[in-house]
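Colleague: I've got this chain open on my screen and would like to go through it with you. Could you take my questions one at a time?

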Amino acid sequence: MNNKDFITELSKKTGLSQKDTQEAASILVKAMGKCFEDGHDVQIPQVGTFEVRKHKERVLVNTTTHQKKLLPPQVTLHFVPEPAIQSQMTDKEDVK
């Protein structure tokens, strides 16, 4: 599902115009992005949690050349679905 399809479907379910739905979705994504930048997790009830994970810097060694490379610290985003969503996802995979 692309953004246009998502906004159309959400617009139908909320009763808002597509323009208003697009603006609301944009505000939501920007607010979530700000939380992630600040290092905060975002929990959406009945859906799941977006967790900000911080990784320390580390040294990688090329096994062939034995050359060392410093990998800088990284911040990644990880999604943990609610148990009900998780079970729906695994049920669909079993059908395939």
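This is a predicted model: local features need pLDDT of at least 70, side-chain atom pairs count only at pLDDT 80 or more; totals for chains, interfaces and linings use all residues.

Colleague: Then let's start with F50: is it buried, partly exposed or exposed?

Modeller: F50 sits in strand β2, residues 48–55; strands here are DSSP runs of E with at least two residues, helices are runs of H or I with at least four, and both are numbered from the N terminus. The relative accessibility of F50 is 22%, so the residue counts as partly exposed.

Colleague: What angle do the ring planes of F36 and F50 make?

Modeller: Rings of Phe, Tyr and Trp (its six-membered ring) pair if their centres lie within 6.5 Å; planes under 30 degrees apart count as stacked, over 60 as edge-to-face and the rest as tilted. F36 is in helix α2, 14 residues away from F50, and F36 is buried at 17% relative accessible area. The two ring centres are 6.1 Å apart, and the pair is tilted because the planes are at 55°.

Colleague: And which residues end up in a cluster through ring pairs?

Modeller: The structure has two aromatic pairs. In the second one, F50 and F79 have ring centres 4.8 Å apart and planes at 45°, so that pair is tilted. F79 belongs to strand β5 (residues 74–81), 29 residues from F50, and is partly exposed at 32% relative accessibility. Linked by ring pairs, the cluster is F36, F50 and F79.

Colleague: Which residues does T49 touch, leaving aside those up to four places away in sequence?

Modeller: T49 lies in strand β2 and is buried at 16% relative accessibility. Contact means heavy atoms within 4.5 Å. On that basis the list for T49 is D41, V42, Q43, H78, F79 and V80.

Colleague: Over to the helices: at roughly what angle do the axes of α1 and α2 cross?

Modeller: Axes are lines fitted to C-alpha atoms, for helices over the stretch in contact, and angles run from 0 to 180 degrees between N-to-C directions. Helix α1 covers residues 3–14 and helix α2 residues 18–37, and their axes come within 9 Å, crossing at roughly 110°.

Colleague: Last one: what is the phi of Q46, about?

Modeller: Most residues other than glycine have a negative phi. Q46 is in the loop between β1 (42–44) and β2, and is exposed at 71% relative accessible area. Though not a glycine, Q46 has a positive phi of about 65°.

Technical notes: Residues are numbered from 1 along each chain as its sequence is written. Side-chain values use heavy atoms; hydrogens and water are left out. Buried means under 20% relative accessible area, exposed over 50%, partly exposed in between (1.4 Å probe, protein chains only).
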